[in-house]
Amino acid sequence: MSTDNTSPFLPKASRINNMTAGADELIIWLADIAKNGLTTLYNQPHEFWDSITKRMVDAQLSGLSNRLKYIRNAISEEDEEYIIDTISELYLLAKSIRKIEAFSEEEQITFLKAGGYNITKKQLAKAGGIQDEWLVLGVVNGEEDKIKYRRTWIQGAKSKFMGQILDYAWGKNEFMQNWQAGMTFTGDMRVYPGAYKLRVMVENHAHSGHLFNSYAAYPDLEAFLKAYTMAIASNPVLFRFPVCLKEVSVQVANQQIFIVDNQLNSLLCKCSEDAKWGLVSASAGHKIQIFGEWDGSLFLPLSLICQERFIHLKS
């Protein structure tokens, strides 16, 4: 059983105990799925899914509850590869939360955050900060269960630190800040603790209005994959990794879009039909710099720089 800790960033022992108990329950549930086979999931009623997701919410494991919802949605689309991958990720995360005290403080924070624990602004005031001019590289908007979310990716002009601003808005409410890809601002960032630091909170900022025509970027796909491997080693539940690449081209093969470096290594892109041809048109056959999210198998392009011109891509 957990005992109260002295870390300013970890939850109280009662919260950790509740989360570990919920993780225990999910491990048993996943073991039953593995025993009975994935095919049994395809004919389950809504109550089957509602029961386990509610139990995860009761255990303060909203992160696990959300991933269970993703599996339910994938069932209707018969996306077996995604289902297997997500179940594997769930099992890894539940096992990590179950034995949370075996990890370092930063690893504990990482797994508990992935499970659903949120560090408050008051707690974050004790975290380290970075002052810089920031470039907004890309923005992803979405909505789940009537909650709008927005991932804003930024890069420090001097520090080269890559960070993610994560915003939520409930119902008809709008986001407090209007981050737009291509804008620049000066400001202080508080960096959320964790095994691989990405998420930040803006403490104060002022628009600088500077134009930028380059990213701090990996020279090729080999360098990017090496960095990604190191990041995953630090944080095995890192679901999205920011990627800046330079000197790459956009190529089309079998109606699919690939990012290709000078060594002819390639990344398969995840694009809507409009975004796909928008990317091809924007690059216009030139070598480009490109920014996007890597989910471990597919690359989501969010912006590019072609002939010193910044172009925002619709996700």
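## Helix, barrel and aromatic cluster in a predicted model

Leaving out neighbours within four places in sequence, serine 96 is in contact with Phe103 and Phe111. Contact means heavy atoms within 4.5 Å. The model is predicted: local features need pLDDT of at least 70, side-chain atom pairs count only at pLDDT 80 or more, and totals for chains, interfaces and linings use all residues. Residues are numbered from 1 along each chain as its sequence is written, and side-chain values use heavy atoms, with hydrogens and water left out.

**Helix α4**

Serine 96 lies in helix α4, residues 80-98. Helices (H or I, at least four residues) and strands (E, at least two) are DSSP runs, numbered from the N terminus. Serine 96 is buried, at a relative accessible area of 4%. Buried means under 20% relative accessible area, exposed over 50%, and partly exposed in between (1.4 Å probe, protein chains only).

The buried residues of α4 are Ile83, Thr86, Ile87, Leu90, Leu93, Ala94, Ser96 and Ile97. What do they pack against? The buried residues of α4 pack against α1 (13-36), α3 (62-77) and α5 (105-115).

The expected span of a helix is 1.5 Å times one less than its number of residues. For the 19 residues of α4 that gives 27 Å, and the end C-alpha atoms are 27 Å apart, which agrees.

**The barrel**

Now the strands. Strands of a sheet pair through backbone hydrogen bonds, either parallel or antiparallel. Two strands count as paired if DSSP finds at least two bridges between them. Here 5 strands close into a barrel in the order β1-β2-β3-β5-β4, with mixed pairing. The twist averages 50° from one strand to the next. Axes are lines fitted to C-alpha atoms, for helices over the stretch in contact, and angles run from 0 to 180 degrees between N-to-C directions.

| Strands | Direction | Bridges |
|---|---|---|
| β1 (residues 129-144) and β4 (residues 184-191) | antiparallel | 7 bridges |
| β4 and β5 (residues 199-207) | antiparallel | 7 bridges |
| β2 (residues 147-156) and β3 | antiparallel | 9 bridges |
| β3 and β5 | parallel | 2 bridges |

Particular residues mark these pairings. Leucine 135 stands opposite threonine 184 in β4. Methionine 189 has valine 202 in β5 as its bridge partner. Glutamine 155 stands opposite methionine 162 in β3. Glutamine 164 stands opposite arginine 199 in β5.

β2 and β3 form a hairpin with 5 residues between them. In its turn, lysine 160 has a positive phi of about 65°.

**Aromatic rings**

A pair of aromatic rings is described by the distance of the centres and the angle of the planes. Rings of Phe, Tyr and Trp (its six-membered ring) pair if their centres lie within 6.5 Å; planes under 30 degrees apart count as stacked, over 60 as edge-to-face and the rest as tilted. How many aromatic pairs does this rule give? The count is 15 aromatic pairs.

Tyrosine 168 and tryptophan 170 make a tilted pair, because their ring centres are 6.3 Å apart and their planes stand at 45°. Tyrosine 168 is partly exposed, at 43% relative accessibility.

Tyrosine 228 and tryptophan 294 pair edge-to-face, because their ring centres are 6.4 Å apart and their planes stand at 90°. This pair links distant parts of the chain: tyrosine 228 is in helix α7 (residues 221-234), tryptophan 294 is in strand β9 (residues 288-294), and they are 66 residues apart. Tyrosine 228 is buried at 14% relative accessible area. Tryptophan 294 is buried at 7%.

Both belong to a cluster. Ring pairs link Tyr196, Tyr218, Phe224, Tyr228, Phe241 and Trp294. Phenylalanine 224 lies in helix α7. Is phenylalanine 224 buried or exposed? At 0% relative accessibility, phenylalanine 224 is buried. Beyond its neighbours within four places in sequence, phenylalanine 224 is in contact with Tyr218, Phe241, Val243, Leu245, Leu267 and Trp294.

**Charges over rings**

A charge sits over a ring if NZ of Lys or CZ of Arg is within 6 Å of the ring centre and within 35 degrees of the ring normal. Arginine 67 places its charged end over the ring of phenylalanine 239, 4.0 Å from the centre. Arginine 199 places its charged end over the ring of tyrosine 192, 4.4 Å from the centre.
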